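Dear colleague,

Please find below the structure that I am handing over to you.

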Amino acid sequence: MQIGVQYYRPPFPNERYWKDDLKNIRAAGFNTLQLWVLWGWVEAQPGRFDFADYDRLIELANTTGLKVVLSAIAEVQPLWIHREIPGSEMLNHLGQKIVSSNRNECHFGITPGGCFDNPAVWERMRIFFRTVAGRYKDAPNLYGWDAWNELRWNVHTQGLVCFCGHTLKYFREWLGEKYGGLDGLNRAWQRRYINWDDVSPGWAANRPFTETMAFQHFLTVRANEHGRKRYETIKAEDPVHPITMHGGAPSMYYCGTGNDFGDQILTPMDRGNDWDLASYLDGVGCSSFPKWGRQDWADFAVRMNTIRSAAGQKRLWLSELQGGRAGQGFSQQGPVQAVEQQHWLWNGIAVGAEAILFWCWKDEVFTTEAGGFGVSGFDGYAAERLAAFKATEGLLEKYRNVWDAYRPSRPDIGVYFSPQSAYLHWCNNKCSETYLNALLGYGKALVRSNVPFEMIEEEHLDELKRLKVLFMPRALVTDKKTEKKLVDYVSGGGTLVVESECGAFDSRGIYRYPENRFLNKLGIREVGRRTIDKDTVKFQAVADKRRFDLTGSQWVTPWLSDRGQTWARYGKEILAGEVAIGKGKVILLGTYLGETYFSKRGRGLEAFLKMICARFAQRPDVEVAGNRKGDIYFQDGTSGGKHVFFVFCESKCETVTVKISKHSLRSQTLTDLVSGKTAKGIKHQNDALAFKFNVPEERMLVLLEVKNP
Ligand SMILES: [Zn+2]
């Protein structure tokens with residue numbers, strides 16, 4: 001496993017620090033160094049590459065016993081790009097040339113630079129990738145490539161990009177291929193175009209959704225395909241080392257912003273889709289700055305589950321994880337303490353990450369990030385952090401065979417993520433945050449209930465075969481292909497949990513009357529939007545002989561069905577209920593539960609989701625509880641046929657008890673690798689064994705089955 005730190009973003013740290021720093025990095029227990037190889041820096045003169053600093057650093061890393069991950073940064077472009085390739089600027093939606101500038105957190109080189117749809121720009125970029133890959137592919141300590149840092153391409157732009165001739169041509173060709181020429185487009189969009197030149201990208205919210213959703217989708221596909229070109233270029237030079245890319249967050253988290261006059265406009269998933277990237281890359285990852293982003297442990301757990309879901313069977317890298325206190329101008333930022341940082345790290349291991357790279361070793365020295373982020377930085381906690389890394393290195397070394405064979409378990413509960421629904425939300429709100437919060441609300445309620453789940457993307461539904469329950473928060477957009485798979489899934493025995501107006505729009509953004517939605521074919525129909533008195537609507541659902549207090553938002557859309565059980569009413573109509581379809585079930589919720597939970601935790605939804613999962617999926621065979629109230633979180637997997645349980649204590653408890661079904665264990669003894677303590681299972685009800693452990697000061701346990709004494 002690679003546990004490393006980001007080190008060099010030229011020209012910092014200056015060379016005088018290198019030797020001592022690398023020695024200290026290795027001594028602290030890290031085995032990997034990440035270096036930014038900046039196009040604008042190494043090719044400051046057209047056609048002349050200067051790698052002298054990297055040569056020295058990579059060699060020094062090798063003699064110090066450190067592997068290197070090279071981040072090839074082509075999106076910080078040389079200052080000469082527009083001089084060498086006149087007219088290569090991106091254009092925004094108003095037809096204005098984008099003025100590039102030095103990047104805020106990067107000392108030399110311009111952003112966004114030329115448009116990569118311009119063949120001359122791509123050719124120069126390609127030469128950069130080929131040259132870097134060719135130079136270092138045989139470096140003895142090269143571990144792998146990070147071929148696209150945070151999937152950046154439209155940083156420091158004005159308005160929405162890109163509307164240059166190359167990109168518009170690509171957009172129209174993409175539409176032509178998708179729909180079968182202009183006639184096909186006219187049929188699909190119900191338009192009367194006579195010329196492709198009239199087919200324009202949608203660039204503003206609150207205009208016809210069709211071309212706006214199409215352009216958002218196109219920008220996602222365009223980023224995916226640009227990533228593929230980077231990958232193929234490096235792979236052609238270096239077929240040996242893994243090549244990954246990472247977003248600043250899982251791509252699902254990109255909600256877009258805009259569009260007030262003059263500001264930058266961003267659209268959801270404009271930096272690509274992790275699920276698509278993972279289909280051709282050797283791995284994907286994401287950055288995470290939990291303290292900076294004010295994420296609690298449940299936010300972080302959802303994030304880890306999301307990126308792991310997207311990575312599938314490919315490699316997972318936590319490509320940037322917060323090292324020290326965030327630097328963000330003069331704002332107050334909390335320090336990073338060792339215990340929480342180690343929880344992030346071990347969460348990563350629990351979901352199967354093979355590389356975890358901290359940002360960064362030394363505090364930054366320029367622009368708003370100055371004075372921030374260093375693992376060894378000056379926020380007052382460097383000593384305890386470094387001691388904790390050393391201890392972790394010890395555990396990773398001692399149980400190396402356990403980690404080498406470790407695989408996280410695959411849950412049978414899914415949460416459905418629909419990029420098309422994100423695009424539709426942007427069209428309504430200039431941002432798709434409401435949709436994201438709906439997904440995160442369900443995710444957080446599930447992790448806080450210790451129900452493992454997977455995020456299921458709408459174009460990757462093969463995963464449905466494994467699933468017992470699929471939650472579809474705010475899935476407003478569905479198309480025929482998806483609908484067929486969902487209906488087959490339910491008929492075959494799956495449980496689908498749908499919220500208000502599921503599938504009310506097609507992917508062209510046209511609204512469907514209730515009788516035209518796919519659920520209507522199953523005999524379930526919504527009666528229409530009913531205004532609620534306040535922002536939220538509180539109600540009780542009665543199911544499985546229990547009561548659940550739930551809070552919805554936006555509106556209610558009661559359901560009609562001539563069969564099934566009613567769980568809650570709105571007046572005389574059905575607000576929540578359950579209908580049997582074929583061998584499966586559809587659970588109806590005529591409002592939206594995720595966002596209200598995301599903004600304010602409610603135990604009702606946690607219990608409600610847990611009940612649904614327990615009724616319609618296999619009962620979870622692990623339960624953890626502390627001796628005091630509060631959250632205990634677990635992740636699990638197997639290694640060489642043995643269970644491994646990761647337990648994170650967010651409560652103040654002194655002991656935890658883990659109850660595990662006897663049948664899922666090969667041994668009746670568990671050892672906590674963190675404290676070294678062993679516990680024998682004591683018989684508990686329902687054929688479970690209970691294991692009790694003291695909580696060590698690390699506030700986490702890693703439990704491994706050991707042979708019966
Ligand atoms: Zn362009």
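**The zinc site**

Along the sequence, the residues that donate to the zinc ion follow the spacing C-x46-C-x1-C-x2-T. Please note that this is a predicted model. The protein donors are Cys115, Cys162 and Cys164, each through its SG atom, and Thr167 through OG1. These donors lie 2.1 to 2.3 Å from the zinc ion. The angles among the 4 donor atoms run from 97 to 120 degrees, and the site is tetrahedral. For orientation, the ideal angle for four tetrahedral donors at a metal is 109.5 degrees.

A barrel is closed by 8 strands, which follow the order 1-2-3-6-7-8-9-10 with parallel pairing. On average, neighbouring strands of this sheet are turned by 30 degrees against each other, direction ignored. As an example of the pairing, strand 1 (residues 2–8) runs parallel to strand 2 (residues 32–38), and 4 bridges join them. Tyr8 has Leu35 of strand 2 opposite it. Helix 11 (residues 338–350) packs on the sheet and touches strand 1, strand 9 (315–322) and strand 10 (355–359). The direction of helix 11 makes about 170 degrees with that of strand 9.

Ile682 stands opposite Ala690, a residue of strand 30.

**A pair of helices**

Two packed helices are described by the angle between their axes and the distance between the axes. For helix 15 (residues 433–448) and helix 18 (residues 603–616), the axes come within 9 Å and cross at roughly 75 degrees. Helix 15 is therefore roughly perpendicular to helix 18, because angles of 65 to 115 degrees count as roughly perpendicular. On the side of helix 15, the contact involves Tyr442, Ala445, Leu446 and Arg448. Helix 18 meets them with Leu605, Glu606, Leu609 and Cys613. The residues of this contact comprise 6 nonpolar and 2 charged ones, with no polar residue.

With kind regards

Terms used: Residues numbered from 1 in each chain as written. Predicted model: local features only at pLDDT ≥ 70, side-chain atom pairs only at ≥ 80, totals over all residues. Heavy atoms only, no water. Axes fitted to C-alpha atoms, helices over the stretch in contact; angles between N-to-C directions. Helix = DSSP H or I, 4+ residues; strand = E, 2+ residues; numbered from the N terminus. Parallel < 35°, antiparallel > 145°, perpendicular 65-115°, else oblique. Contact = heavy atoms within 4.5 Å. Nonpolar A, V, L, I, M, F, W, Y, C, P; charged D, E, K, R; others polar. Pairing = 2+ DSSP bridges. Donors = N, O, S within 2.8 Å, 3.2 Å for Na, K, Ca; no water. Tetrahedral: all angles 85-135°; square planar, octahedral: opposite > 155°, others 65-115°.
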